[in-house]
Amino acid sequence: MTATPNGKTTPVSRANQLAADVLLELRDKKRLTQQELAKACGKNQSYIAKIETGNQNVSLKTLDEIVSAAGGTLELSVKVRKRRQPLL
């Protein structure tokens with residue numbers, strides 16, 4: 001959940017939470033501040049902060065550029081669930 005300017009909370013989308021997790025893990029492993037990461041990728045620190053709190057939609061292309069600028073590699077995986085067969 002994130003707070004809006006009027007104080008209400010809204011749920012964070014799964015995609016935004018995944019992007020946030022990617023950047024938080026990246027910064028932790030690389031021991032970077034938001035400011036250092038922002039400088040490396042040419043973005044504002046506030047933009048990085050918004051992604052990390054789930055308040056900013058980010059394309060895969062932009063997320064990959066941010067990760068790459070910090071010396072990381074973005075990998076995407078898909079898990080396919082088995083479809084349940086209808087009961088006869």
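Me: Which residues touch the most other members of the largest nonpolar core?
Reply: This is a predicted model. Its largest nonpolar core holds 13 residues. Helices α1 (14–30), α2, α3 and α4 each supply at least two residues of this core. Those touching the most other members are L23, L26, L37, I48, I51 and I66.

Me: Leaving aside neighbours within four places in sequence, which residues is I51 in contact with?
Reply: I51 is one of the core residues that touch the most other members. L23 and I66 share that description, and both are in contact with I51.

Me: How are α2 and α3 oriented to each other, roughly parallel or roughly perpendicular?
Reply: The axes of α2 (residues 34–41) and α3 (residues 45–52) come within 8 Å. They cross at roughly 115°, and the crossing is right-handed. Angles of 65 to 115 degrees count as roughly perpendicular. So α2 and α3 are roughly perpendicular.

Me: How many nonpolar, polar and charged residues are in the contact of α2 with α3?
Reply: From α2 come Q34, Q35, L37, A38 and C41. They meet Q45, I48, A49 and E52 in α3. By class, the contact has five nonpolar, three polar and one charged.

Me: Is T62 buried or exposed?
Reply: T62 lies in helix α4 (residues 60–69). Leaving aside neighbours within four places in sequence, T62 is in contact with K43 and Y47. Its relative accessible area is 15%, and the cut-off for buried is under 20%. Therefore T62 is buried.

Key: Residues are numbered from 1 along each chain as its sequence is written. This is a predicted model: local features need pLDDT of at least 70, side-chain atom pairs count only at pLDDT 80 or more; totals for chains, interfaces and linings use all residues. Side-chain values use heavy atoms; hydrogens and water are left out. Axes are lines fitted to C-alpha atoms, for helices over the stretch in contact, and angles run from 0 to 180 degrees between N-to-C directions. Helices (H or I, at least four residues) and strands (E, at least two) are DSSP runs, numbered from the N terminus. Angles under 35 degrees count as roughly parallel, over 145 as roughly antiparallel, 65 to 115 as roughly perpendicular and the rest as oblique. A crossing is left-handed if the near helix is turned anticlockwise from the far one by less than a right angle, and right-handed if clockwise. Contact means heavy atoms within 4.5 Å. Ala, Val, Leu, Ile, Met, Phe, Trp, Tyr, Cys and Pro count as nonpolar, Asp, Glu, Lys and Arg as charged, and the others, Gly among them, as polar. Buried means under 20% relative accessible area, exposed over 50%, partly exposed in between (1.4 Å probe, protein chains only). A nonpolar core is a set of buried Ala, Val, Leu, Ile, Met, Phe, Trp, Tyr and Cys residues joined through side-chain atoms within 4.5 Å.
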